[in-house]
Amino acid sequence: MEDFPHIAPLDHLEYMRLALSLARQSPLKPTNFRVGAVLVDEAANKILSTGYTLELPGNTHAEQCALQKYSAAAGVTEEQAGTVLPSSTVLYTTMEPCQSRSAGNYPCVKIILGTLSRDNRGIKTVYIGVKEPDTFVAANAGQSKLEQAGIVCMHVPGLEEEILQTATEGHRMS
C-alpha cells in the first residue's frame, strides 16, 4: 500500500498540488500532456489511489492509471471499479478529462462514467486544474460530458500556470 501524505479535509488546493507533483513524474513526450490524478474518499478524507500520464504500460492517462491501480488493489477489474469505490469518491486531476483519444485506450470521460453504479458508488465530483488545450483534440468537451451525466466538475484555481507548464514541457522537445 502506498504511503500518502496527510492533507486537511476539503483542502482542494493541496490535493491539486499533489496531483501536480504526480504530473511531474510523467515522462517528457511531444505527444502527451503530463497530467496527475488523485482519487479520494472525500467523506473519510482518504487518498485511495494516484496516477500520472504513462505511469502504467500502454498509452495510459493519469485518471486511468489511478483507477487501474485502485481496482487492482481491490481485486476487481477496471470496469468493476464502481462496485467497490466509496460513495463519496472524488477525483482531482490537473487537466480536464479527455472525451476522445487520438490513439490507444478509452477516453477518460468514459472511464469515469463507467465508475457510476446503481448502488450510488463511483466518482461523483471531479476537481479540475485546467481545461484541456486544443493541442491534440480540438474543443475537448470532457467537462460538459461529465456534467451532462450528473457528475459535478469544479475548477480549483491557483495552479493554472504551473499545471500548463508541466503539462506541455515535453512539447518543447526537438
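This report walks through the sheet, the packing around it, the aromatic residues and the cysteines of the structure above.

The model is predicted, so local features need pLDDT of at least 70 and side-chain atom pairs count only at pLDDT 80 or more, while totals for chains, interfaces and linings use all residues. Residues are numbered from 1 along each chain as its sequence is written, and side-chain values use heavy atoms, with hydrogens and water left out.

## The sheet

Let us start with the strands. Helices (H or I, at least four residues) and strands (E, at least two) are DSSP runs, numbered from the N terminus. Two strands are said to pair if DSSP finds at least two bridges between them. In general, strands of a sheet pair through backbone hydrogen bonds, either parallel or antiparallel.

Here, 5 strands form an open sheet in the order β2-β1-β3-β4-β5, and the pairing is mixed. Because β2 and β5 stand at the edges with a single partner strand each, one side of each is left without a neighbour in the sheet. On average, neighbouring strands are turned by 20 degrees against each other, direction ignored. For such angles, axes are lines fitted to C-alpha atoms, for helices over the stretch in contact, and angles run from 0 to 180 degrees between N-to-C directions.

| Strands | Sense | Bridges | Facing residues |
|---|---|---|---|
| β1 and β2 | antiparallel | 6 bridges | L39 and S49 |
| β3 and β4 | parallel | 6 bridges | Y92 and Y127 |
| β4 and β5 | parallel | 4 bridges | T125 and V152 |

Strand β4 is mostly covered, with 7 of its 8 residues buried. Buried means under 20% relative accessible area, exposed over 50%, and partly exposed in between (1.4 Å probe, protein chains only).

Contact means heavy atoms within 4.5 Å. Helix α5 lies across β3, β4 and β5 and runs at about 85 degrees to β4.

With 0% relative accessibility, A19 counts as buried. Neighbours within four places in sequence aside, A19 is in contact with G36, A37, V38, Y92 and T94. The C-alpha atoms of A19 and G51 are separated by 8.1 Å, although these residues are 32 residues apart along the chain.

In helix α2 (residues 62-74) you will find E63, which is buried at a relative accessible area of 4%. Beyond its neighbours within four places in sequence, E63 is in contact with A37, L91, T93, M95, P97 and C108.

## The nonpolar core

A nonpolar core is a set of buried Ala, Val, Leu, Ile, Met, Phe, Trp, Tyr and Cys residues joined through side-chain atoms within 4.5 Å. The largest one has 41 residues, of which M16, V38, L39, I47, Y92, I123 and V126 touch the most other members. Two or more residues come from each of α1, β1 (36-41), β2 (46-52), α2, β3, α3 (108-113), β4 and α5 (160-167). Helix α1 gives the most, with 6 residues.

The contacts of I47, leaving aside neighbours within four places in sequence, are F4, P5, I7, Y15, L18, V38, L39 and V40.

How many aromatic pairs does the structure hold? There are 2. Rings of Phe, Tyr and Trp (its six-membered ring) pair if their centres lie within 6.5 Å; planes under 30 degrees apart count as stacked, over 60 as edge-to-face and the rest as tilted.

Y15 and Y92 are stacked, at 4.8 Å centre to centre and 20 degrees between the planes. This pair links distant parts of the chain, with Y15 in α1 (residues 12-23) and Y92 in β3 (residues 89-95), 77 residues apart. Y92 and Y127 are also stacked, at 4.6 Å and 15 degrees. Since Y92 lies in β3 and Y127 in β4 (residues 123-130), this pair ties together parts that are 35 residues apart in sequence. Y15, Y92 and Y127 form one aromatic cluster. Their relative accessibilities are 2% for Y15, 1% for Y92 and 8% for Y127, and each counts as buried.

## Cysteines

A disulfide is a pair of cysteine sulfur atoms within 2.5 Å, and the count here is 0. The sulfur of C108 has its closest cysteine sulfur in C98 at 3.7 Å, too far for a bond. For C153 the closest cysteine sulfur is in C108, 13 Å away and so too far for a bond. C108 is buried at 1% relative accessible area, and C153 is buried at 11%.
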